Amino acid sequence: MTGKPRVWISRPTFPDIVARLEPYFEVTAEPEETAFMPAALAAKLAPCGAAIVGLKERIGAAEVAGAPALRIVANLAVGYDNLDIPALTAAGILASNTADVLNESVADYTWALLLGAARRMDAAERWLRAGHWHATGFKAWLGLDTRGRTLGILGMGRIGQAIARRAAGFGMRVAYHNRSSLPAAIEAECAARYLDKPALLAESDFLVLAVPLTAESRHAIGAAELAQMKPTAVLVNIARGGVVDDAALAAALGEGRLAAAALDVFEGEPHVHPALLALDNVVLSPHIASATWDTRRAMTAMAVDNVLALFGRGPHAGRPPSPVNPEVLARR
Ligand code: 8YV
C-alpha cells in the first residue's frame, strides 16, 4: 500500500495514456466492461481520490456518500446526464467531461448515418448478403437526395455546428433551433439560420438531434413533434436516447408518417425498442459516433489531464481543462 491517492477507471481504455497517472496515483482499471449496480459502484468509489467513468456509471449522492477522499469524477463523454451534478457539487467533487475532442468524429458519423438512411445502405446490404442481388432492377433501392434539401439541427452546440459546417459539401440549406440564436458570426460560418422549433420540424428534410439530455429535452421528439414533420423526412439521433420517444418514432416509421431514421442512441440502451428492430427503414447503431481510435484516445487523455490537473500535476496543473461544475474549483 502506497500513500498515493487512488484512481479507479471503470472500463478498459488505453494503457499508454493511463500510464501518465502512475507516477502520482495508485491506478486500478477494470479489465472489462461491467455494468455496476449502485452498491458496487459506491464500493469502487469509496477508497478513491479520483474516478474516470463512462456513461454506464450513474453517480449521485448515494454513490459518493462513502467516498470522503473523492475529489474528481472524470466522465469519458461530453454528455454527463449519468452524473448528478448538483449532488457532486454539494459534495465538493469536480465533474469533468470530454468537450470538443469528439466534435469532428461525431459530426462525420452523423453524416454517415444520415446518408446511410437516405440511401438505404444497411437494408441494401442485408438484401445483398441474403443473396437477392439477381432480382435487382432499375427502380430498386431508390433513395433520397440531400442536394437542395434542408438540414435541420436541433441543438446547435459545438457538435451541431461541426455537423452544419459539412452541409455545404452536400449542397444543403441549414436551419437550426436552440434555446437562443447563435452569434451572427457563427451563423455565417455554418451558413445556418435560426428557426423556432415548430418551423424547424415543418421545414426539415433531414432533422439531426444534437441536444444534451436534460429535463427540458426529454422526449423533445414525441408523437406531437413527429406529426409536424414531413412524411418524406429523415430523423437522425446522435444525442441521447431519451430525447426521442422511441415507441412514437417506431409507430411513425411503421405507418409511413416518416420516411426513415438513423439512431446511434436509444432510450434504455443497450436495449433497443423491439418495434424499431423490426423495421427496415431505420439504421441502428450501438452508440459509436465518437468511436475512432484518435477520438477515443483523445477522450481518455482529456479525462487523465483533468485528474492530473486537479491534483496539481501534468500539463494543465491546477487548471482542469474541461470542468463541468467549475464552482467547485472556485471554492477550494
Ligand atoms: C460516449 C457520448 O462517450 O460523449 C458522449 O456524450 O455519448 C459518447 O461519446 C461514448 O459512447 C463512450 O461511452
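Modeller: Helices (H or I, at least four residues) and strands (E, at least two) are DSSP runs, numbered from the N terminus; counted in this way, the chain has 14 helices and twelve strands. This is a predicted model, in which local features need pLDDT of at least 70, side-chain atom pairs count only at pLDDT 80 or more, and totals for chains, interfaces and linings use all residues. Residues are numbered from 1 along each chain as its sequence is written.

Biologist: What makes the chain as compact as a globular protein of that length?

Modeller: The globule rule (2.2 Å times the number of residues to the power 0.38) is set against a radius of gyration taken over C-alpha atoms. For 332 residues the rule gives 20 Å, and the chain has 22 Å, which is close to it, so the chain is as compact as a globular protein of that length.

Biologist: How many of the 332 residues are buried, as a percentage?

Modeller: A residue is buried if 20 or more other C-beta atoms, placed from the backbone, lie within 10 Å of its own, and buried residues make up 42% of the 332.

Biologist: Why are β2 and β5 said to stand at the edges?

Modeller: Two strands pair if DSSP finds at least two bridges between them, and the open sheet of five strands, with parallel pairing, has the order β2-β1-β3-β4-β5. Both β2 (26–29) and β5 (94–96) have a single partner strand, so one side of each is left without a neighbour in the sheet.

Biologist: What makes β4 and β5 a pair?

Modeller: Strand β4 (residues 72–75) pairs with β5 in the parallel sense over three bridges, and I72 stands opposite L94 in β5.

Notes:
A residue is buried if 20 or more other C-beta atoms lie within 10 Å of its own, exposed if 12 or fewer, and partly exposed in between; C-beta atoms are placed from the backbone.
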